[in-house]
2 protein chains.
Amino acid sequence: MRASEIRALFAVANRPEVVSLAGGMPYLEGLPLDQIADTMQRLVATRGATALQYGSGQGDETLREKILDVVRLEGIECHPDDVVVTTGSQQALDLVTRIFVDPGDVVVAEAPSYVGALGVFRSYQADVVHVPLDEHGLVPEALEETLGHLAAEGRRVKLLYTVPNFHNPAGVTLTAERRPRILEIAQRYGVLVIEDNPYGLLGFDGQTLPALRSLDDEGVLYLGSFSKTFAPGYRVGWVVAPHAVREKLVLASESAILCPSNASQLAIAAYLETCDWKGQIKQFRELYRERRDAMIGALAEHLPSARWTVPDGGFYTWVQLPDGLDARSMLPRAVTARVAYVPGTAFYADGTGSSHVRLSYCFPTPERIREGVRRLAGVVNAEQELVEIFGTNAELDPDVTDVENPSPNLA
Amino acid sequence: MRASEIRALFAVANRPEVVSLAGGMPYLEGLPLDQIADTMQRLVATRGATALQYGSGQGDETLREKILDVVRLEGIECHPDDVVVTTGSQQALDLVTRIFVDPGDVVVAEAPSYVGALGVFRSYQADVVHVPLDEHGLVPEALEETLGHLAAEGRRVKLLYTVPNFHNPAGVTLTAERRPRILEIAQRYGVLVIEDNPYGLLGFDGQTLPALRSLDDEGVLYLGSFSKTFAPGYRVGWVVAPHAVREKLVLASESAILCPSNASQLAIAAYLETCDWKGQIKQFRELYRERRDAMIGALAEHLPSARWTVPDGGFYTWVQLPDGLDARSMLPRAVTARVAYVPGTAFYADGTGSSHVRLSYCFPTPERIREGVRRLAGVVNAEQELVEIFGTNAELDPDVTDVENPSPNLA
């Protein structure tokens, strides 16, 4: 299944009769849209000539100051000058890779890892080497071993890419105990850490772990985003970067887009100023916890033959299918049964992952989630009968990497 | 003068006491901000859950349909599927270069050429070869000769980059007679044409020339923008591209930013729907014509020893300084005299252009433009005295290329 086929399939999966457990879209109906609408009106009426004009390449200073309030919740103390605003954190990933990675360089990433990051690394011809994670996040011993091997082979390792909190797609969180160990290992091998943290404030028990960046000012680039805690439609993310990298980021961003949208940046600054954004995040935590519960409950009821992670925040659970099932070849039949997911292969650079699926519970209501899992269970059971007869349900060339590029559906 | 010095200088140049004839910022006070504010309010109140959500990588379909109405004014007939929305046309330049240009490939561009495009070409290690333009735009005979030489040398020429209308920085327009000749030559040498056209609707006599793309569906990528005819703060541009290129553009854009901002796109679609956008463009034409007149009149009065182009649209005039003057070394003294411009060297990939300056008349009022030219004339006269004594006013290593990256100030 090639990228174009995946696209065609997701076009079908976006039909209303399909329960999509595939996407990473936040549930925006919960936002105070009338209040936001009035805020936008006032912004353009009173500051329109600024909001509609070109801005600075680094991003609006007022917004950068407000971003300090957000990252302080995760223990990060920095200066507005340390922040570079980007067009979503996807652009940050693109710029960082553009700056640091030459073709053939190694990027170390968790196994599995965010599909959109893998697409960026691939587009710059990086060689992605995966390091296992477990229920406590990235495994320090495995990281040490991998970096040791790579050093012995003389490979040039440029970046360690990690999603420490409520991992996409694995749904696990790096423990506080492991965080300094990961940083120490990366530092010892001279590898810059990319901490991608869109979900960090969405812990279901109100917990917020200290960011890696709060433990290391120089060795970590922190990527933040308003896409999951407020709204992705403005496309506003940011990087907290050491001085030398920040200058390069600004130059690269100016070459790529001149400057981030003033309209979007001032809109978000006005939202942070006039709305109860912390209360809103609390509401989102409760909403997504309820949906996580619906997802996990439905898996236990309908798919006891599978295994899954139980995320304590974020949008995703990572499900291992019963033995012998191939998530890619099953997908067309799942869509026919009106349920969609992302096959695990999307989250590996090496074509593995076919025994897993990522299920997201962020967008559908609890009722729809339960119905989706019920449908998925029907498909899995039918596939298992195939496996019992033929030994496998796979039909595809295992060398074909199926998602060559991220799609907004997979964010 | 390195990029960082230019930046420091422009930071000073942005102070209110300095008349900046350097920037390419449109004059937004003329927009109906109250009406736009109400439009934004309604958009978020009624369609907020869509406007604030992720969108498609190619761009919102409603906006793409409305873009057809815009490009039809320049004779382009195409389908919404042919349009890819980008984060300003700067992103389009970046994506097109990323797709087509390998290090060492040649990009042919006018002499002079848009600084932001040169920055992108440089960032992908393209080798920019300039072709002269005259008062009728890019010179076909010179293009033919250059492409012939390059072919004889076995060079791989990937793109011809051109701003046919109201050129940035030269202020000239490619005549209707030359357009098919340029296209024929490019086609014969198998070179894809990038038609960058942010100013095409801003002709001071209401004239609108047929776009190159209207004469050639397959060999031209057309880059459009709302930044000069409406507002740059939304960062919305677009490409009209042949089918095969369009698919690549969408994939590259998804890798770079996932998707363009829905908030920005729906805002612009709502503006086009509810406001008199054609009437607004007519107002802008009149406003900028008045400022062009102020600029040209002041040059004739205060700087008769210089030569300049008389643009019949757009934002810029291209001024050749009196013999012996160096625009780069003069700039710090100009800023001290509270006037700023962009030295001609910014618009060449090869370090030439020091005898020219770009003056823009888009943002300051006519009074400020006249005052700015008066101040500039004072600086030029003082420099000429230096030249008479020392033979030159240049102080710099001529190998230093002074603007390594575009800045929003230079858009």
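## Terms and model

Helices (H or I, at least four residues) and strands (E, at least two) are here DSSP runs, numbered from the N terminus. By this convention B:Pro112, for example, is placed in the loop between E3 and H5 of chain B. The model described below is predicted.

## Chain A as a whole

Chain A contains 13 helices and 14 strands, and its C-alpha trace spans about 65 × 55 × 40 Å along the principal axes. Its radius of gyration is 21 Å, which agrees with the value near 22 Å that a compact globule of 411 residues would have. Of these 411 residues, 64% count as buried, and among the contacts of chain A with a separation of 6 or more, 77% are accounted for by residues 24 or more positions apart.

The accessible surface of chain A comes to about 14,100 Å², and 50% of that area belongs to carbon and sulfur atoms. The chain carries 37 positive and 54 negative side chains, with the centres of the two sets lying 4 Å apart. Over all chains the count of disulfides is zero.

## Helix H5 of chain B and its surroundings

Helix H5 of chain B, residues 115-123, is mostly covered, since seven of its nine residues are buried. The buried residues are B:Val115, B:Gly116, B:Ala117, B:Leu118, B:Gly119, B:Val120 and B:Phe121. They pack against elements of both chains, namely helix H9 (243-257) of chain A and, from chain B, helix H4 (88-100) together with strands E3 (106-111), E4 (127-134) and E6 (157-162).

In the loop between E3 and H5 of chain B lies B:Pro112, which is joined to B:Ala111 by a cis peptide bond with omega of about 5°. Just after H5 of chain B, B:Gln125 takes a positive phi of about 60°.

## A buried alanine in contact with chain B

A:Ala37 belongs to helix H2 of chain A, residues 33-51, and it counts as buried, with a relative accessibility of 0%. Leaving aside residues up to four places away in sequence, A:Ala37 touches B:Gln41, B:Val44 and B:Ala45. Within chain A, A:Ala37 and A:Tyr271 are separated by 234 residues in sequence, whereas their C-alpha atoms are 9.9 Å apart in space.

## Other backbone features

Most residues other than glycine have a negative phi, and most peptide bonds are trans. A cis bond is found in chain A between A:Asn168 and A:Pro169, where omega is about 10°; A:Pro169 is located in the loop between strand E6 (157-162) and helix H7 (178-188) of that chain.

A:Leu258, although not a glycine, has a positive phi of about 65°. This leucine lies in the loop between H9 and helix H10 (262-274) of chain A, and with a relative accessible area of 3% A:Leu258 is buried.

Methods:
Residues numbered from 1 in each chain as written. Chains lettered and ligands numbered in written order. Predicted model: local features only at pLDDT ≥ 70, side-chain atom pairs only at ≥ 80, totals over all residues. Heavy atoms only, no water. Rg over C-alpha atoms; globule rule 2.2 N^0.38 Å. Buried < 20%, exposed > 50% of the residue type's maximum accessible area, 1.4 Å probe, protein only. Contact = heavy atoms within 4.5 Å. Areas by Shrake-Rupley, 256 points an atom, 1.4 Å probe, with all protein chains shown as cover. Lys, Arg positive; Asp, Glu negative; His and termini not counted. Charge placed at Lys NZ, Arg CZ, Asp CG, Glu CD. Disulfide = S-S within 2.5 Å.
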